[in-house]
Amino acid sequence: MIRDLVLQGVQMSLVLLLSPLLTGFVRKVKARLLRRRGPPLIQPYRDLVRLMHKEVVLAESGSWLFRVIPYIVFAATWVAASLVPTFRSGLLFSWSADLIAIIALLGSARFFLALAGMDVGTAFGGIGSSREVMIASLAEPAMLMIVFTLALVAGSTQLSTMAAYMASVGVGLRVSLGLALLALIMVAIAENARIPIDNPATHLELTMVHEAMVLEYSGRHLALIDLSSELKLLLYISVIGCLFTPWGIAGADASPAALSIGIASYVGKLAVGGFFLAVFETAIAKMRVFRVPAFLGAALMLGLLGTLLLFVSGSL
Amino acid sequence: MIAYALYGVAALIALAPVAVALAASPRATSTIYWTSLLITLMLALVAMLSLLRGTSSAVTLPLGLPWIGAHFRIDALSAFFLLVVNLGGAAASLFAAGYGRHETRPARVLPFYPAYLAAMNLVVLADDAFGFLMAWESMSLTSWALVIAHDGDGENVQAGYVYLLMASFGTLVLLLAFGLLAGADGNYAFEAIRHSHPSAALAAVVLVLAIVGAGSKSGIVPLHAWLPLAHPAAPSQVSALMSGVMTKVAVYGFVRIVFDLLGPLQWWSSMLVLAVGGVTAVMGVLYALMQHDLKRLLAYHTVENIGIIYLGLGLALAFKAFGMEVAAALALTAALFHVFNHSVFKSLLFFGAGSVLNATGERDMEHLGGLIHRMPQTAFFFLVGCVAISALPPLNGFASEWLTFQAILLSPHLPSWGLKFLVPAVGALLALSAALAAACFVKAFGVSFLGRARTTAAAKAQETDSNSLAAMYFLAALCLIAGVLPGLFIDALAPVAHTLVGARMPHQAGLEWLTIVPIAESRSSYNGLLVFVFIVLSGSFAAFAIHRLASDRLRRGPAWDCGYPDASPATQYTASSFAQPIRRVFGTAVFRAREIGEMPPPGAMTPARLTVDLRDLIWDALYAPIAGLVGFAAERLNILQFLTIRRYLTLVFAALVLLLFVLAVWQ
């Protein structure tokens, strides 16, 4: 019991500590691809510390909700990220929420963030919220269709069980899994506000979505929101990692050696995922906002197709 | 048990004439509503006791038709719906004890209110077709009287007219359904109907009639047209009852006929219910997204939730037809749990909208804004309702939708090909409607309560009275309890599932940490309590750490807005502009949405205008032709009013001859 609690605690601190590093790594790779030197890897940590020590400048029309939302968003995202198997499956509380509930937790975080965009009553906040919910209204069903596909293959919506099933030899290459992976990557790009959907590095652009929504935040509130976005990126790469590359994840009764292998392979997966993300973002241009529905509609259709294939035959 | 329930109903009925007598007195409002509160609470207690005991009791009274008598019975299903009706009724009465004080025409509301509650109670208690239909029709008529309580407003009268037409149509269809069920011998008691086994063709006809009859009352697409007109027109406590409770009574009618009275059904009948449910869910939320009247938005959103409920019922029918009882129990429990949840959060939201209406005199969201500063408690409770209805954890809306998703994931085992294609599509529709619901309520809460006040009425709003707040507090607490302890509710629904589909979900209350596990733990589990505790703990941890170790300074300043802050609240996003991206994605196909921009030539002083043109295709394709046809026929038949006596006599004679001829041929 104590050991399980400690491992759950390790998982919670691991995701929290690694997520700024992952963002720093993606930025670094992008900079190197553009032949810039780029900020140091630990720059996101420095930004967070700096923001946390600054005072908050709150708009006069901001309400109590505006001040509470960063904590809600952070808490929901952190809980969601802690429930995804990273280096070890079957953690103490892993059964308290399955993949559907994890997706819905992220939905709660987004719901509140969109409300924050509306709170101060500025045009920029409104544009961000309005576009964010438009993107979410397509990305969320697409994600649920992906969950359906994976759950039908693995016979479970529990991430630990799914990871264990995916690691077993009986899975093989399946059309439905390929469709699900493609759709999942598309959804992950949209959910994390990456190019080509949104640009995380921009301000003062009429096309921005996420940054417009959080424009009025400053100081510790902004730090929490930034940390939540970093956690969300880590979460999506972890989900892809534990479902499609479940190698190295330690089992329920693993030795310390297996656990360290688990952590090492997890860090390796994050690095590979971050690297590919950086390459992809550098290679592609941002699309117009009203091209986004076509992009996400394609993800939704891929997910639905995967589910349909499995309804027709369990072996596809 | 049934005796106590009937005493309660009788007390409610007796309250109506008292209200007529008292109407002029200034204390009438509080007397009527507090008495209704007491009676409904007692009825809720009776319902809860009989649901938990799982016993059924029946009584036959010498009322109604002389040779039949009036049968009443309380079993697990009616006990559950009795609980839904009376919890909603109690909350509405408590709310109205404060809200009703502002009523300008109490004499038009007070007598009908207890009668309406009594009629809804009688529908779920009736145990014969005659009593059921009588109660059903009284429910329609009393609510119609409440809808047109403010008949000075032409819109309300119009809404009442459409409602009356649709309600009579629905009752007529149900009358036909019961006529078929009762058979040639006319066995109107439910007990007799249950033991007569109709043929497959007859059962299919009854099913369609039940979908149309009960469905039109609960607002399934395309029979929903009256609902968004009538629900918002009534006073807010009645809107809450109509949307939160009466639609559920209609669901009860459907479940009673299809699951209980009709006997086994063919598998394809479930496809009809599933398709209706999926389409209703998505269309309802899309309609809701296009609204900027707060109460109408809520009414349209009821349509969405009814779709989700029908979807669960359709799944239960499919599983039941193929003998998968446990899966059927899961789907049915999910649907019924959603019935309970929706009645709670929809009433809560209507109370919030009512409080806003009272404080500002506005239902139009474009004239609101910034109410969170003026009405912080109402805003908080409305927010709880918004989170719950958007199916977000850890509140109750998520728990029931999660169960529905789990039921969908069991359906690849269904052997029918039609269902294999339909169920995933319906699952996608459910996922889409859940995501759109969140968008809809970001809009509803964000535009009305957040931002800056758009009108002086909104800027000067006052917090609502303590009774209304108490009612909202009660329902918000129920949202949280049902969200974090869904296992208790699933267990309470077990006897209902057992009587209707012959199996129950596994016992939940004994599981560690009060987790819910629909099938097996390795398959799926969810623990709302732990998720809630985790969120609270990590949020408090973050707040504590930052305030202690870093900075807790705060300075107020003007909004940043990228350096171009505009002093006018008119520059905020409005309800229409917020929905514009979604309207662009979905609206062009569903509503033929068009934006017409009028840009004046350079130098002209006229303002530029942007008009949005939305068409309700269902109204155009279904209702407008029927209305046109009826109008045409009425015009033609009008000449019958102005005939001479000779011609009338000729007509009577011709009719007589025709009837005799038909009779002769028949023999």
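**Strands, helices and the interface**

A: Starting with a strand pair: R594(B) stands opposite D613(B) in β5(B). Keep in mind that this is a predicted model.

Q: Which strand pairs with β5(B), and in what sense?

A: That's β4 of chain B, residues 594-598, which pairs with β5(B) in the antiparallel sense over five bridges.

Q: And is β5(B) enclosed or in the open?

A: β5(B), residues 609-613, lies largely in the open, because the number of buried residues among its five is zero.

Q: OK, what about β2(B), how many of its residues are buried?

A: Five of five, so β2(B), residues 70-74, is largely enclosed by the rest of the structure. Both of its faces are covered. A70(B), F72(B) and I74(B) are buried on one side, with H71(B) and R73(B) buried on the other.

Q: What does β2(B) pair with?

A: Its partner is β1 of chain B, residues 57-61, again antiparallel and with five bridges. S57(B) has I74(B) as its bridge partner in β2(B).

Q: Switching to the chain contact. How many residues are involved on each chain?

A: On chain B it's 73 residues, in contact with 76 residues of chain A. The elements of chain B giving two or more residues to that side are α15 (371-374), α17 (396-409), α18 (417-449), α22 (528-549), β3 (554-557) and α23 (575-590).

Q: Which one gives the largest share?

A: α18(B), with 15 residues.

Q: And what's the make-up of that side by class?

A: The side of chain B that touches chain A has 44 nonpolar, 20 polar and nine charged residues.

Q: You listed β3(B) there. Which strand of chain A is it joined to?

A: β1 of chain A, residues 56-59: four bridges join that strand to β3(B), and the two run parallel. One pairing to look at is A59(A), whose bridge partner in β3(B) is G557(B).

Q: α22(B) was on the list too. How does α3(A) pack against α22(B)?

A: The angle is about 125°, with the axes 8 Å apart. The two helices are therefore oblique to each other, and α3(A) passes α22(B) in a right-handed crossing.

Q: Which residues make the contact?

A: From α3(A) you have Y71(A), I72(A), F74(A), A75(A), A76(A), W78(A) and V79(A). From α22(B) the residues are V531(B), F534(B), I535(B), S538(B), G539(B), A542(B) and A543(B). By class that contact has twelve nonpolar, two polar and no charged residues.

Q: Now inside chain A: what are the angle and axis distance for α3(A) and α9(A)?

A: About 20°, with the axes 9 Å apart; here α3(A) covers residues 64-82 and α9(A) residues 219-244. That makes α3(A) and α9(A) roughly parallel to each other.

Q: Left-handed or right-handed crossing?

A: Left-handed, as α3(A) passes α9(A). Among the contact residues are Y71(A), F74(A) and W78(A) of α3(A), along with L224(A), L227(A) and L231(A) of α9(A). The contact of α3(A) with α9(A) has 13 nonpolar, three polar and two charged residues.

Q: Back to chain B. How do α11(B) and α14(B) cross?

A: At roughly 165°, and their axes come within 7 Å. α11(B) spans residues 236-261 and α14(B) spans 325-360. The two are therefore roughly antiparallel to each other, and the crossing is right-handed.

Q: What's in that contact?

A: Including S239(B), A240(B), S243(B) and G244(B) of α11(B), and S343(B), K346(B), S347(B) and F350(B) of α14(B). The residues of the contact divide into eight nonpolar, nine polar and two charged.

Q: What does A388(B) touch?

A: Leaving out residues up to four places away in sequence, A388(B) touches F345(B), L395(B), N396(B), G397(B), C479(B) and G483(B).

Q: And A204(B), where does that lie?

A: In α9 of chain B, residues 200-218. A204(B) counts as partly exposed, because it has 17 C-beta neighbours inside 10 Å. Its C-alpha is separated by 7.7 Å from that of L265(B), 61 residues apart along the chain.

Terms used
Residues are numbered from 1 along each chain as its sequence is written. Chains are lettered from A and ligands numbered from 1 in the order in which they are written. This is a predicted model: local features need pLDDT of at least 70, side-chain atom pairs count only at pLDDT 80 or more; totals for chains, interfaces and linings use all residues. Two residues are in contact if their C-beta atoms, placed from the backbone, lie within 7 Å. Ala, Val, Leu, Ile, Met, Phe, Trp, Tyr, Cys and Pro count as nonpolar, Asp, Glu, Lys and Arg as charged, and the others, Gly among them, as polar. Two strands pair if DSSP finds at least two bridges between them. Axes are lines fitted to C-alpha atoms, for helices over the stretch in contact, and angles run from 0 to 180 degrees between N-to-C directions. Angles under 35 degrees count as roughly parallel, over 145 as roughly antiparallel, 65 to 115 as roughly perpendicular and the rest as oblique. A crossing is left-handed if the near helix is turned anticlockwise from the far one by less than a right angle, and right-handed if clockwise. A residue is buried if 20 or more other C-beta atoms lie within 10 Å of its own, exposed if 12 or fewer, and partly exposed in between; C-beta atoms are placed from the backbone.
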